[in-house]
Amino acid sequence: MKKRAYLGWLTLLVCLFIGSWQFIQNFYDQQVLSQHETFLQQKAELLIRLSQDYSLDTIAEQYIVNSDERVTHLNEKGDILFDTYNPSLTGTRSQRPEVKAVLQGSSKGRSVRMSPTLHKELLYVALPIKKEGKITEIIRIAEPTENFLPNAAKMKHAIFFVYSFFWIVLSVILLQVLRRRNHPIETILPVLQKMIAQPDHKETIIQSSSQWEELYQSVNTLSEQMSLTYQAYSASEKQLHTLLNELMIGVFIISEEGHLLLMNATMQEQLNSFPQKMQYPFTESITDTQLIQMIYQVTPTQPFIHEELTTTNERVLDITLRYFTESKQILGVSYDLTRIRQLEKLQKDFVGNVSHELKTPVTSLIGFTETLLDGAKDDPETLTTFLEIMQKDAYRLQGLIQEIIQLSKNAAIDYSIQTIDVATSLSQIIANYQQTIQEKQLTIEWHGETFALTTKPELFFPICKNLIENAINYSLSGQTVILSFEEKNGLVLSVQDFGMGIAKEEQTRIFERFYRVDKARTRNSGGTGLGLAIVKDYIDMLGGSIHVESHLGVGSTFTVFIPMN
Ligand code: ADP
């Protein structure tokens, strides 16, 4: 129980004590006075009886010897006939309350007041002396209160002490009872408050009273169970959150009020929205209008929607929305199909391109064979020319097929690792183009100190071959091709030519499969549009990088970095 409540009870007890003491005191005083009053009345009655035989004044005088009492004899009007205090005292006392009461017909008059004659507080009792029913005289007898009140006060003190003691004992017992009655509340309340504040902590009440043992034990068990349940709940919630964040699927939950309750990391990434806080209107985090419309369409009557949509940031998402009747929440699940759709498109384009590229030399071969069979074979000169063209087409087909095969290689294949000499490898590649170099009168310049590179030759050689081949092919007659290489955690190789160059807008596209800047011209030069796509794929497989610096009409520099394996 709070201190304030105890104080309240204490104040009430003190007030009750003071009140009851006042009452007892008054009652006691009244009792004392009425006792003395009865005593004085009996004396007065005795004097009246004696006055029948003797003079009242003489008896009175005899009577008050050795006593403080005062007897006054008054006539029927209240005038003094005789007073034991001062026998010569005269005057009227008809206005004194005790005398007045008798004169007005009371059988007895009484008052406690200061005597103007004696200057003391006196208890007065006045009785009428009647003859034939009429007041003939009045006898008044008085006693100073100091004769009995001090003694009564002593007694009162004794009573006060006993009474106080009784009250103290009573108060202690009462407060103790209150404390005992409130003890479980006082003990349990803070424990319950702690349980609410830290539900994962286990609280224990040390039992001090057998009376409440069962209650305390129940609270202890409750706290233990609650902490276990909460811990299990927190653990599973953590697991669920981790799982949701690890999922490759986007997940979000919207409450009945339209507030976003949960959005996992994948969903945030898919929508390119990273809400700092949950529990806000979902439109603050989900801004894609198509998705918002979809969410609004989900109602208890249409609890399931499944659609594929393309977001503003060009992502293709397969969205499923489900309405839960019990919780009135909407669960959204999203699969990112962007890559799959891209690959599907790439595959489609690739097949289209391959068939187109294959069709050209095959059509040419069929055309020439038919012409030869139709009789052209009989002319030796035409035969040679046609066969040369057919050989070129066949080589072209072979090159194309080789490159398609190269492109179909993937990172999963375990290519062998070897240590090769960089300069030797590059000169071997150049040796294959000696004839073209001579025909175009090209100069090949070398810069760099050779070193041993540990790499996968099956990937390394096609990279260098394609870059050198392009530099030779796209150089004009008499120009120079510069090969520079250096060792920097691997190989940094740059192949520079001073040929036609590549426009800025084409530079990102040249790595796409079958992309050729000038289709007609490059096809004539034997280009397939696959070389740089192979280079890019293989560099990625080796964990390297490629950079192109080119200006139209000035030339191009392809710089590759191939890390040590
Ligand atoms: P291709 O077999 O046609 O050379 P690539 O994939 O090797 O195919 O190159 C793609 C396109 O990039 C080429 O068609 C050509 O237009 C351009 N290109 C590549 N290398 C160079 C270069 N060194 N100079 C100018 N253009 C180049």
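Is Arg513 buried, partly exposed or exposed? At 38% relative accessibility, Arg513 counts as partly exposed, where buried means under 20% relative accessible area, exposed means over 50% and partly exposed lies in between (1.4 Å probe, protein chains only). The model is a predicted one, in which local features need pLDDT of at least 70 and side-chain atom pairs count only at pLDDT 80 or more, whereas totals for chains, interfaces and linings use all residues. Residues are numbered from 1 along each chain as its sequence is written, and side-chain values use heavy atoms, with hydrogens and water left out.

Arg513 forms a salt bridge (a side-chain nitrogen of Lys or Arg within 4 Å of a carboxyl oxygen of Asp or Glu) with Asp537, and the closest N and O atoms are 3.2 Å apart. Because Arg513 lies in the loop between strand E15 (490-497) and helix H13 (519-524) while Asp537 belongs to helix H14, the pair ties together parts that are 24 residues apart in sequence; helices (H or I, at least four residues) and strands (E, at least two) are DSSP runs, numbered from the N terminus. Asp537, at 24% relative accessibility, is likewise counted as partly exposed.

The structure holds 19 salt bridges, and one of them joins Asp29 to Lys156, with the closest N and O atoms 3.2 Å apart. That pair links distant parts of the chain, since Asp29 sits in helix H1 and Lys156 in helix H4 (residues 149-197), 127 residues apart. Asp29 is partly exposed at 22% relative accessibility, whereas Lys156 is buried at 16%.

Helix H1 also contributes Glu37, whose salt bridge partner Arg110 lies in strand E3 (residues 109-114), so that parts 73 residues apart in sequence are tied together; here the closest N and O atoms are 2.0 Å apart. Glu37 is buried, with a relative accessible area of 8%, while Arg110 is partly exposed at 32%.

The ligand brings the reader back to helix H14 (531-542), which, like strand E17 (555-563), supplies at least two residues of the shell around the ligand. Of the 19 residues around the ligand, those that come nearest are Asn470, Tyr474, Asp497, Thr528 and Leu532, a residue being near if one of its heavy atoms lies within 4 Å. A backbone N or O atom of Leu532 lies 2.8 Å from an oxygen atom of the ligand, and a polar backbone atom of Gly529 is 3.1 Å from an oxygen atom of the ligand.

Methods. Polar contact = N/O pair within 3.5 Å; in protein donor to acceptor, adjacent residues only side chain to side chain.
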